[in-house]
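Let's take a friendly walk through this model, from the overall fold down to single residues. Please have your viewer open alongside the text.

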Amino acid sequence: MFAIMVLTFLDVSGRKMLSNSITGSLELTELLMVVVIFGALPLVSLKSEHVVFDSLDVVLPQLVKKIQQALIHLICAALLFGLTYLMWQTGGEFAVTGETTAQLKIPKSPFIQGMGVLCAITGLVHLVKAFKRSTDTHAEGRTL
């Protein structure tokens, strides 16, 4: 995140003061955002810090809430494993065709396959959480 901030600062400063921006700064920002977002995904899921819609939690019995949480984790895991497969395949296709970014010619395949690996790790987190016995009754959806 700090690298994105420095890059943006230098790019805007260069554009305003020197009338010259950093070549490929948009591409670098996009790739760094991929790293930040997908790098944080497993941690957010592990700590249950994602957005939760919990308006029915006050009326649902504890057993139903536990079953609901397990099902949600299983669905999330299945979807993330599906994304893993698609990203890994796409990254492989991009590696074969030599797909790169437009200006800096940075290969896209490592980033896409890295996204796939991080989705797989996040899927494993959800799979473990689906079968883990929770001792905290408010483990999911903490509020501030």
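## Overall fold

This is a predicted model. The chain holds 4 helices and 0 strands, and its elements follow the order α-α-α-α from the N terminus. With a radius of gyration of 20 Å, well over the 15 Å that the globule rule gives for 144 residues, the chain is more spread out than a compact globule.

Of the 144 residues in the chain, 26% are buried.

## Helix 2 against helix 4

How do helix 2 and helix 4 run relative to each other? Two packed helices are described by the angle between their axes and the distance between the axes. Here, the axes of helix 2 (residues 25–46) and helix 4 (residues 109–131) come within 8 Å and cross at roughly 10 degrees. Angles under 35 degrees count as roughly parallel, and helix 2 and helix 4 are therefore roughly parallel to each other.

The helix 2 side of this contact includes Leu31, Val34, Val35 and Phe38, along with Gly39, Leu41, Pro42, Ser45 and Leu46. From helix 4, the residues they meet are Phe111, Met115, Leu118, Cys119, Ile121, Thr122, Val125, His126 and Lys129. Sorted by class, the contact of helix 2 with helix 4 has 13 nonpolar, 4 polar and 1 charged residues.

Aspartate 11 sits in helix 1 (residues 2–17). Is aspartate 11 buried or exposed? Its relative accessibility is 6%, and the cut-off for buried is under 20%, so aspartate 11 counts as buried.

A polar atom of the aspartate 11 side chain lies 2.8 Å from the backbone nitrogen of isoleucine 22. Setting aside neighbours within four places in sequence, aspartate 11 is in contact with Ser21, Ile22 and Ser25.

## Sites along helix 3

Alanine 77 belongs to helix 3 (residues 62–97), and its relative accessible area of 1% makes it buried. Beyond its neighbours within four places in sequence, alanine 77 is in contact with Gly123, His126 and Leu127. For a distance to check in your viewer, take alanine 77 and isoleucine 121: they are 44 residues apart in sequence and 9.5 Å apart in space, C-alpha to C-alpha.

Threonine 84 is also found in helix 3. With a relative accessible area of 15%, threonine 84 is buried. Which residues does threonine 84 contact, leaving aside its neighbours within four places in sequence? They are Gly116, Cys119 and Ala120.

## Leucine 28 in helix 2

Leucine 28 lies in helix 2 and counts as partly exposed, at 29% relative accessibility. Leaving aside neighbours within four places in sequence, leucine 28 is in contact with Leu7, Leu104 and Ile106. For leucine 28 and leucine 7, the C-alpha to C-alpha distance is 8.4 Å, across 21 residues in sequence.

## Loop residues

Most residues other than glycine have a negative phi. Serine 48 has a positive value, near 55 degrees, and is a residue other than glycine. Serine 48 lies in the loop between helix 2 and helix 3 and counts as buried at 5% relative accessibility. Lysine 105 is not a glycine either, yet its phi is positive at about 55 degrees. The place of lysine 105 is the loop between helix 3 and helix 4, and at 54% relative accessibility lysine 105 counts as exposed.

Aspartate 54 is another residue of the loop between helix 2 and helix 3. Its relative accessible area is 30%, and aspartate 54 is partly exposed. Aspartate 54 and valine 128 are 74 residues apart in sequence and 22 Å apart in space, C-alpha to C-alpha.

Conventions
Residues are numbered from 1 along each chain as its sequence is written. This is a predicted model: local features need pLDDT of at least 70, side-chain atom pairs count only at pLDDT 80 or more; totals for chains, interfaces and linings use all residues. Side-chain values use heavy atoms; hydrogens and water are left out. Helices (H or I, at least four residues) and strands (E, at least two) are DSSP runs, numbered from the N terminus. Buried means under 20% relative accessible area, exposed over 50%, partly exposed in between (1.4 Å probe, protein chains only). A polar contact is a pair of N or O atoms within 3.5 Å; within protein, one must be able to donate a hydrogen and the other to accept it, and residues adjacent in sequence count only if both atoms are side-chain atoms. Contact means heavy atoms within 4.5 Å. Axes are lines fitted to C-alpha atoms, for helices over the stretch in contact, and angles run from 0 to 180 degrees between N-to-C directions. Angles under 35 degrees count as roughly parallel, over 145 as roughly antiparallel, 65 to 115 as roughly perpendicular and the rest as oblique. Ala, Val, Leu, Ile, Met, Phe, Trp, Tyr, Cys and Pro count as nonpolar, Asp, Glu, Lys and Arg as charged, and the others, Gly among them, as polar. The radius of gyration is taken over C-alpha atoms; the globule rule is 2.2 Å times the number of residues to the power 0.38.
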